[in-house]
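Student: Hi! I'm new to this one and would like to look through it with you. Could you bring it up?

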Amino acid sequence: MVPEQGLVSPADPARILIGVTADVSVGLLSGLPQRLAADGWEVHVASSPGERLETLGAEQGVTVHSLPMAREIDIVRDVRGLREWIRLIRRLRPDVVFAGTPKAGLLGITAARLLGVRTRVYHLRGLRLETAAGTTRRVLTIMERLTIRLATTTLAVSPSLRKRVLSLGLASDPRVTVLGHGSSNGVDVDRFRPGNAGARVEGLIPDVPVIGFVGRLNHDKGLDVLAAACRVLDDERVEYQLLIVGGIDGAELGAFSSLRRAPVVLGAVADTSMYYPLMRALCLPTLREGFPNVVLEAGATGIAVVTTDATGAVDSVIPERTGLMVPAGDARQLAGALQRVIEDPRLAEGLGAAARDFVVENFRRDLVHASVSDFLRREMVRGRR
């Protein structure tokens, strides 16, 4: 780990402070801090403490900082978190603050604005408010609007996310940008590629098509819609099996209890690349996204995708070419799309092959990282004028 430093002089190399709220979100940055360091930045990363942050701190050229932050709204902890951000920025005096996820975005960008950091970039990875209601939605709306206003620019991870921000009146047009076709962090197309051997999973039945789900098991991912679609498939006597990969939540999995064949459920896994090859298709029935990484991973592996027209997801496939798309929340249409790929392996194979080409051309991790690095450098130069 690079040792933490005190105040620095303006003659030192360009310094960037990257922030995310939770240690688990450090995974959203995979490879980016290292790329920025290789491009000549002095890189600092801040998040709540955890194993992933510590692991990142062992990388050459990357300094990490533990800043406890509450993911949910907590006035006392949030005030304390803002104070810690101010202390860190005052000590580091970064040229750029690049903060993503709602709480780190709000606290980091606010602190940077208070201390006069000229380049403040909010990395918008999604809008939690889209599936919130009542007071929670109003508070989240205020948070997003304030963060965007205090940032010098907002980098949205998908065109539809940018469109949604504008339609909700959270920002004016010039304050939000998208790089290329979007993407949260790109995908490693060498790790996720056709021909990988699949993992051995107890409970899967040989020669029965597998529909897979990969991701966090929560309401926003549309698991109740997937369960309803599976019940339609059962009524139609479609032969399939369901593989669910992700952190186990009994409340969400309860919706699958009445299926003809119980799903095979795995917990969180260290390497998802071993599970896509088992699938006829990946199903992401999401209600909202920023840009879904699992769709890119499946596509890079040459696996067909069935997803929805929700924010973010709508940008992840070309309908009928690299995947199938249905209206978000529509279980019957989701069932129909799943039935198509289950019963037509040639369709699934063609979609998967086209998806591989689409991902390699537009979302390779090295391309995405190069684009982000160039963008941040341009923003820093603009901020110095």
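Student: Thanks! How many salt bridges does a search of the whole structure find?

Tutor: The search finds 18 salt bridges, each being a side-chain nitrogen of Lys or Arg within 4 Å of a carboxyl oxygen of Asp or Glu. Bear in mind that this is a predicted model, where local features need pLDDT of at least 70, side-chain atom pairs count only at pLDDT 80 or more, and totals for chains, interfaces and linings use all residues. Residues are numbered from 1 along each chain as its sequence is written, and side-chain values use heavy atoms, with hydrogens and water left out.

Student: Which residue meets Asp 271 in a salt bridge?

Tutor: That is Arg 191, with 3.0 Å from N to O. The two belong to distant parts of the chain, 80 residues apart: Asp 271 is in the loop between E10 and E11, and Arg 191 in the loop between E7 and E8. Strands (E, at least two residues) and helices (H or I, at least four) are DSSP runs, numbered from the N terminus.

Student: And how accessible is Asp 271?

Tutor: Asp 271 has 25% relative accessibility, so it counts as partly exposed. Arg 191 is partly exposed too, at 36%. For the cut-offs, buried means under 20% relative accessible area, exposed means over 50%, and partly exposed is in between (1.4 Å probe, protein chains only).

Student: What about Arg 288 and Asp 220, are they buried or exposed?

Tutor: Both are buried. They form a salt bridge whose closest N and O atoms are 2.9 Å apart. Arg 288 lies in the loop between E11 and helix H9 (293-300) and Asp 220 in the loop between E8 and helix H7 (223-235), so this pair ties together parts 68 residues apart in sequence.

Student: Switching to rings: how many aromatic pairs are there?

Tutor: The count comes to three. Rings of Phe, Tyr and Trp (its six-membered ring) pair if their centres lie within 6.5 Å; planes under 30 degrees apart count as stacked, over 60 as edge-to-face and the rest as tilted.

Student: Why is the pair of Phe 192 and Tyr 276 edge-to-face?

Tutor: Because their planes are at 65 degrees, with the ring centres 6.0 Å apart. Phe 192 sits in the loop between strand E7 (176-177) and strand E8 (210-214), and Tyr 276 in the loop between strand E10 (264-266) and strand E11 (281-284), so the pair ties together parts 84 residues apart in sequence. Phe 192 and Tyr 276 are both buried.

Student: Which residues form an aromatic cluster?

Tutor: Phe 291, Phe 358 and Phe 363 form one. Within it, Phe 358 and Phe 363 make an edge-to-face pair, 5.3 Å centre to centre with 80 degrees between the planes. Both of these are buried.

Student: Now zooming out, how many helices and strands does the protein chain have?

Tutor: It has twelve helices and 13 strands. Of its 385 residues, 54% are buried. Along its principal axes, the C-alpha trace spans about 70 × 45 × 35 Å.

Student: What radius of gyration does the chain have?

Tutor: The protein chain has 21 Å, which agrees with the value near 21 Å for a compact globule of 385 residues. This radius is taken over C-alpha atoms, and the globule rule is 2.2 Å times the number of residues to the power 0.38.
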